[in-house]
Amino acid sequence: MAKLQDTLLLYARYVGVSVRSQMQYRASFVMLTFATMLISGLEFVATWALFDRFGSLAGWTLPEAALLYGLVNMAFALAEGWARGFDEFGQMVKSGGFDRLLLRPRSTALQVAGHHVQLMRIGRLAQGAVVFIWAATRLQVAWSPPRVLLCLLAIAGGAALFSGLMVLQATFAFWSTESLEVFNTVTYGGVETTQYPLTVYRDGFRRFFTYVVPLATVTYYPALAVLGRSDPLGSSLSFQYASPLFGFLFLIVCLRVWNLGVRHYHSTGS
Amino acid sequence: MRPYLAIVSAGVRVMLQYRAAAAAGFATQLFWGWIRVAIFGAFYASSSATQPMSLEDTISYLWLTQALLLLLPFRLDSDLVAMIRDGTVAYELTRPADLYWYWFSRTLASRTAPMLLRAGPLLLVSGLFFGLAAPDSLSALAAFLVSVGAALLLSSAFTMLMSISLLWTIAGDGISRLISMIAQFLSGSYVPLPLFPQWAQPALALLPFAGLTDTPFRLYLGHLPLSSFPTAIAHQLLWTAVLVLVGRLALARGLRRMVVQGG
């Protein structure tokens with residue numbers, strides 16, 4: 001327990017350092033945050049335009065889809081904010097900077113994550129939250145404590161899963177010194193995919209995002225439970241409540257793979 | 001004219017070297033295309049009303065968007081950005097060429113080559129397997145090609161404006177990303193322009209963004225009849241001229257206030 005506290009404290013320090021360094025360029029920070037917010041806002045306007053033209057999507061109304069959209073985007077924004085360091089990990093391996101982290105008596109994953117905390121992702125987070133709250137007030141959902149809790153859990157589970165993907169992508173740098181760009185397809189493509197109801201896609205796609213990268217699992221099923229929709233794919237309510245846990249499970253597996261990679265690490269020597 | 005053509009061709013040859021990036025881009029775009037086709041298919045299945053564009057046309061439109069994505073004024077010429085940041089831009093002033101057209105040629109090259117590299121395989125694969133229809137007619141194909149050429153000029157003029165703005169706001173990453181996203185949105189890359197609400201159509205048709213992708217795509221599909229080809233091209237070229245003019249003025253002003261420090 002003391003160890004966990006110590007870890008959290010250290011991470012808080014990292015965040016503090018990032019905040020101070022990014023606040024040196026306050027105007028630039030405000031502008032970037034604002035731009036991120038507008039950019040993800042535009043995406044939602046596109047979704048709105050489609051609902052305006054077609055009325056509904058596979059039986060889902062705009063507020064229902066917006067709830068799902070909000071969940072996915074908040075989860076992704078959180079992961080992008082705190083795990084951004086993994087995105088730049090390839091550079092760290094190339095320059096040999098990773099050697100320095102190995103000398104320190106703390107978890108390497110924590111240090112890599114902490115070395116760049118991206119604050120401007122608050123823009124996307126805020127935009128996701130706005131869409132979510134708008135949807136929540138539009139829907140005829142009784143916001144009981146279990147439902148609220150489930151939403152929070154889904155966001156956390158989704159964030160864990162996206163972080164896991166970023167860790168996995170960075171892990172490849174141990175072998176190739178480049179992070180694989182194809183992974184961006186899964187992360188960014190995953191955001192795009194899972195902000196619409198899963199029934200829209202064909203079987204293969206659905207299976208991929210349910211079993212291989214369980215992104216749909218951690219957001220779509222909880223959304224069903226919150227909305228009180230019956231699942232055309234026939235999942236049970238208890239599964240829908242438990243599904244966010246798969247996100248954490250995924251992250252744990254990815255961190256294992258990461259540790260495997262660390263053990264295989266050979267410095268580039270530069 | 002000759003030196004500028006030489007710059008374009010050298011730039012194209014440099015960009016053609018990046019084949020790995022093109023392969024990664026190909027996979028990404030293919031994946032993206034699948035998702036979008038599935039989503040739009042589901043939307044069409046959810047409504048029985050007649051739409052301004054058939055599902056088949058929309059699917060082709062979506063694939064054209066993926067294949068020709070790099071037509072859009074996305075990223076700036078990174079060498080140029082670096083030069084403006086570290087001040088070596090001063091050397092550019094000594095070259096015996098008109099600075100605007102010199103940079104424009106570079107931009108045009110860095111726009112054209114990656115686009116061609118990515119478009120070829122994607123058009124082929126989506127045409128063979130994923131529902132991209134053949135052009136409406138041979139003349140539609142010709143109209144499409146001419147219009148893509150005009151779109152390249154328009155897109156380069158856009159990019160130039162964004163690059164020139166760096167002379168004022170060195171850290172303009174956020175702004176240029178925002179502008180390119182707005183261009184993407186209003187050119188029909190998120191949602192095909194014909195599917196936007198009816199009340200927005202006149203404004204969309206007037207703005208320059210339609211000329212970036214929507215115009216060539218609809219010529220390809222025959223959704224824009226051949227009779228409107230001259231107006232469509234004129235719209236693209238007119239906006240290009242306007243943006244070039246504004247860009248030249250901005251560049252001249254920017255250079256007047258530029259102070260080159262020694263050392």
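A:Ala58 sits in the loop that links helix H2 (26–54) and helix H3 (62–82) of chain A. Helices here are DSSP runs of H or I with at least four residues, strands are runs of E with at least two, and both are numbered from the N terminus. The model is predicted: local features need pLDDT of at least 70, side-chain atom pairs count only at pLDDT 80 or more, and totals for chains, interfaces and linings use all residues. Residues are numbered from 1 along each chain as its sequence is written, while chains are lettered from A and ligands numbered from 1 in the order in which they are written.

A:Ala58 is not a glycine, yet its phi is positive, at about 50°. It is partly exposed, with 16 other C-beta atoms within 10 Å. A residue counts as buried with 20 or more other C-beta atoms within 10 Å of its own, as exposed with 12 or fewer, and as partly exposed in between; the C-beta atoms are placed from the backbone.

A:Leu150 belongs to helix H9 of chain A. This residue is buried, with 21 other C-beta atoms within 10 Å. Residues up to four places away in sequence aside, A:Leu150 touches A:Pro222, A:Ala225, A:Val226 and A:Tyr241. Contact requires C-beta atoms, placed from the backbone, within 7 Å of each other. Between A:Leu150 and A:Ala77 lie 73 residues of sequence separation and 18 Å of space, C-alpha to C-alpha.

Two packed helices are described by the angle between their axes and the distance between the axes. Helix H9 (residues 145–171) and helix H11 (residues 182–194) of chain A pack at about 175°, with axes 10 Å apart. Axes are lines fitted to C-alpha atoms, for helices over the stretch in contact, and angles run from 0 to 180 degrees between N-to-C directions. H9(A) and H11(A) are therefore roughly antiparallel. Angles over 145 degrees count as roughly antiparallel, under 35 as roughly parallel, 65 to 115 as roughly perpendicular and the rest as oblique. H9(A) contributes A:Phe162, A:Leu165 and A:Gln169 to the contact, and H11(A) contributes A:Phe183, A:Val186 and A:Thr187. These residues comprise 4 nonpolar, 2 polar and no charged. Ala, Val, Leu, Ile, Met, Phe, Trp, Tyr, Cys and Pro count as nonpolar, Asp, Glu, Lys and Arg as charged, and the others, Gly among them, as polar.

Chain B has 11 helices and 0 strands. Its radius of gyration is 19 Å, close to the 18 Å that the globule rule gives for 263 residues, so chain B is as compact as a globular protein of that length. The radius is taken over C-alpha atoms, and the rule is 2.2 Å times the number of residues to the power 0.38. Buried residues make up 43% of chain B.

The contact between the chains takes 24 residues from chain B and 29 from chain A. Helices H2 (19–45) and H8 (173–186) of chain B each supply at least two residues of the B side. H2(B) gives the largest share, 10 residues. The B side holds 19 nonpolar, 4 polar and 1 charged residues.

The largest nonpolar core has 132 residues, of which A:Leu71, A:Ala75, A:Ala79, A:Val167 and B:Leu71 touch the most other members. Such a core is a set of buried Ala, Val, Leu, Ile, Met, Phe, Trp, Tyr and Cys residues joined through C-beta atoms within 7 Å. Another core, of 5 residues, lies apart from it and includes A:Leu32, A:Ile39, B:Leu178 and B:Met181.

Terms used:
Two residues are in contact if their C-beta atoms, placed from the backbone, lie within 7 Å.
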